[in-house]
Amino acid sequence: VGTRFVSLLVKESIQFCRDKAMLALILFFYTLDTVMCTMALTFDVKDLELAVVDLDASSVSRQLIERFTVAQEFKVVGYPRSEAEAEAWLQSGRAMIVLIVPRDFAGDLLQAKAPQVQLVVDGTNSNIAAIARGYVLKIITAYSSAWSQRAGPSVPVYLLPSHSLSVQPLTRIRYNQNLEFSSFMVLSMIALAAMMVGVVQPAASIVREKEVGTVEQLLVTPITTAELFIAKTLPTLLMCLLAVFPGLLVVRAFDVPLRGSLPLFLALTTLFLISAIGLGVLIASVTKTLQQALLTSVFGLIPILFLSGTLAPVESMPRILQTVSLASPLRHYMEIILGVFLKGAGIAELWPQALALLAIGTVLLTAAALAFRRR
Amino acid sequence: MKPQRIIAVMVKELRELARDPVTIWASLLMPLTLLMLFGYAISLDVKNISMGVWDLDRTPRSRALVDAFLQSGYFNLHGVYRQAAEMDAALQRGEIKLAMVIPARFHAALERHDTATVQLLVDGTFSNTAQIVANYADAIVAQFHVPDARPVTAVRPEIRVWYNAQMRSVNYIVPGLFAVILLAFPPLLTTLGIVREKESGSIQQIFASPLTGPEFLLGKLLPYGLIAFLQILLVSVFGIAWFDVPMRGSWWLLLGAGLIYVLCTVGIGLLVSTLARKQVVAMLLALVVTLMPSFLYSGFLFPIFTMPVHSQWYASAFPGRYYVDIARAVVMKGAELGDIWRNMVWLLLYTAVVFALATWRFRKKVA
């Protein structure tokens, strides 16, 4: 039994390594694609296009405007003359935010009449709008309290507020102090790569043998189905585990810390890969041609991907989809990879995810093994 | 170029499609499925954030602050903790996204008109949500009403959000999806339709016939363009009606621009089919040049203006971003031709180039 299995394993490994296109694809997903997407794709908001309508045109109003021009969150695209012109800019997408400083801004401020500054935000992208609104409020609050503290000579003392804020928030961001999206993105790209390769590779390699007809030759040999099953999946598993290492280098290059333990990460990655491979084999057993297999895996991967929390947070989904997403192995793996890297979580925190992966993996592998045998 | 020859190819192609009802149903149902899935699954709205409180003060004032959080509608109280370690563990496990520590003497400090400091800990793993959570929390604390303190406002900001006043993310996800879905399906269908003939060898018969390259491509284009246009009609009407997206612009403009866009995406399919001999290769190629960039580099989810410059160029190399802009402007802003003509010109140019390339590549094959 031993030699038979070993020779089969050797054959599969050789076949795997001969497939240059697949190897290149795996390496591409783990390195170049990860780097490219991490650099490009971000929800971090900077350089918001701001148009300023300064109806006051005084030195005081320019002080306020300067607070916006120096902030790197904003990029001033111009100074429309009137509100109507500014609105046209918003409509054509030339500006995303319009700041309108009213006439008599300086006068009202000096008389402590609390002038109103208007901001119009393009809400097309509600996400950017919410963040932009926060930035704007922060800048104006800071200006406002700086003004009251400085208390220019012309402001009567009795008009000064007693303190700037009665309750002061002291906000700290945990696990990702600089709120950089890149650390999230790079980890989620690594998880995606593992998912795609884990599903597509075994599906393609098994279906190809079906299409070419060599699977008949394998069936007439004394090899048992179980041996064939393991020999088909083991090289993929090993290759995917090896591919994690260049991925780790990419992660390091983006200054993402590994706060948890590497062996734990690798162990849980293996668990995750087993469920991905199970899905791949399942697809291969129910399809006949490579085209069907590829189409099925692509359209199967899309929901798994979008229900995983890699692109959009799971908490914002409707309850039903949140429940459905529990069946996606990628969702649990995302929590694991973020937990191990950013939070330094150990098995004490991650055992529910590990258990879920184990359950999903067992179901998929059993289904795959059954479908595999029937053929 | 003879019209009757083009029509002959079209008729042949339509007959072939009619005999394959599975493909037709799949090509109409798949976009709808994707629309439903993404319309619900991709939401960047931040709401129902689970928070934890460690209240060292336990006075009516401190409870009022917690109430202010709960009444804002953004936060759910997940746990009240007695120890720092408990709270940390909850944050660590990801059970709560925000932890608030109210110091002892919070009430006393406010009574004395001192400034009291409240500590807010935000889980930063998903930086986008974290940013919004931090903004909301800061605003709630800053606006926390203390009865006899005098208001502090040297300048009053009045912020209005236009085009999407309730800031529903589905309003911009759905118009963006039109572009994504139509970049994913029509090219794939077209590519497979042509490469199938190459693989089975029936393309040799076409080469042997008096049919010219452009005639063949046009004959192929029209049926697949028709299906693609049905797709855009279905996805647009259904998407806007089902998800209750306010339609502010003109349907004619949206569908007119959509027609140019689908011709462009079908053209990409034609181009890819001239590059590949095998269906598998054609499919992978179509995925790499259409599906991936349409999700990631179209501005559908990730804004293009925050990308580094070279990635912005990369994004400009795919038609998705132009139609994403057009669809959002027409649907949400009620934009007219005057507002979006730039994107329309890019789209037209893009389509022309794709067709020129496809014809050129195809002719070389015939020779």
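Let's begin with one residue: in which helix does S188(A) lie?

Guide: Happy to. Keep in mind throughout that this is a predicted model. S188(A) belongs to helix α8 of chain A, which covers residues 181–212. Its relative accessible area is 1%, so S188(A) is buried. Leaving aside residues up to four places away in sequence, S188(A) touches T310(A) and M334(A).

Staying in chain A, let's turn to the cysteines. C37(A) is buried, with a relative accessible area of 0%, and C240(A) is buried too, at 1%. For C37(A), the nearest cysteine sulfur is that of C240(A), and it sits 18 Å away. A disulfide needs the two sulfur atoms within 2.5 Å, so at 18 Å C37(A) is in no disulfide.

A88(A) lies in helix α5, residues 83–92, and counts as partly exposed at 42% relative accessibility. Between A88(A) and A368(A) there are 280 residues along the chain, and their C-alpha atoms are separated by 59 Å.

Rings next. In chain A, R94(A) lies over the face of W89(A), 3.8 Å from the ring centre. Also in chain A, ring pairs link F265(A), F272(A), Y333(A) and F341(A) into a cluster. Over all chains, the count of aromatic pairs is 15. Take the pair in chain B made by Y74(B) and Y136(B): the ring centres are 3.9 Å apart and the planes are at 10 degrees, so this pair is stacked. Y74(B) is in the loop between α3 (60–71) and β2 (75–81) of chain B, while Y136(B) is in helix α6 (residues 127–142) of that chain, so the pair ties together parts that are 62 residues apart in sequence.

While we're in chain B, have a look at helix α1, residues 3–18. The buried residues of α1(B) are I6(B), V9(B), E13(B) and L17(B). They cover an arc of only 75 degrees around the axis, so they sit on the same side of α1(B). The face turned away from that buried side carries the exposed residues Q4(B), R15(B) and A18(B). As for what the buried side meets, the buried residues of α1(B) pack against α2 (21–41), α7 (170–200) and α9 (213–242) of chain B.

The buried residues of α2(B) include S27(B), L28(B), P31(B), L32(B), F38(B) and A41(B).

So, back to where you came in: S188(A) in helix α8 of chain A is buried, at a relative accessible area of 1%, and has T310(A) and M334(A) among the residues it touches.

Key
Residues are numbered from 1 along each chain as its sequence is written. Chains are lettered from A and ligands numbered from 1 in the order in which they are written. This is a predicted model: local features need pLDDT of at least 70, side-chain atom pairs count only at pLDDT 80 or more; totals for chains, interfaces and linings use all residues. Side-chain values use heavy atoms; hydrogens and water are left out. Rings of Phe, Tyr and Trp (its six-membered ring) pair if their centres lie within 6.5 Å; planes under 30 degrees apart count as stacked, over 60 as edge-to-face and the rest as tilted. Helices (H or I, at least four residues) and strands (E, at least two) are DSSP runs, numbered from the N terminus. A charge sits over a ring if NZ of Lys or CZ of Arg is within 6 Å of the ring centre and within 35 degrees of the ring normal. The expected span of a helix is 1.5 Å times one less than its number of residues. Buried means under 20% relative accessible area, exposed over 50%, partly exposed in between (1.4 Å probe, protein chains only). The arc is that of the directions from the helix axis to the C-beta atoms. Contact means heavy atoms within 4.5 Å.
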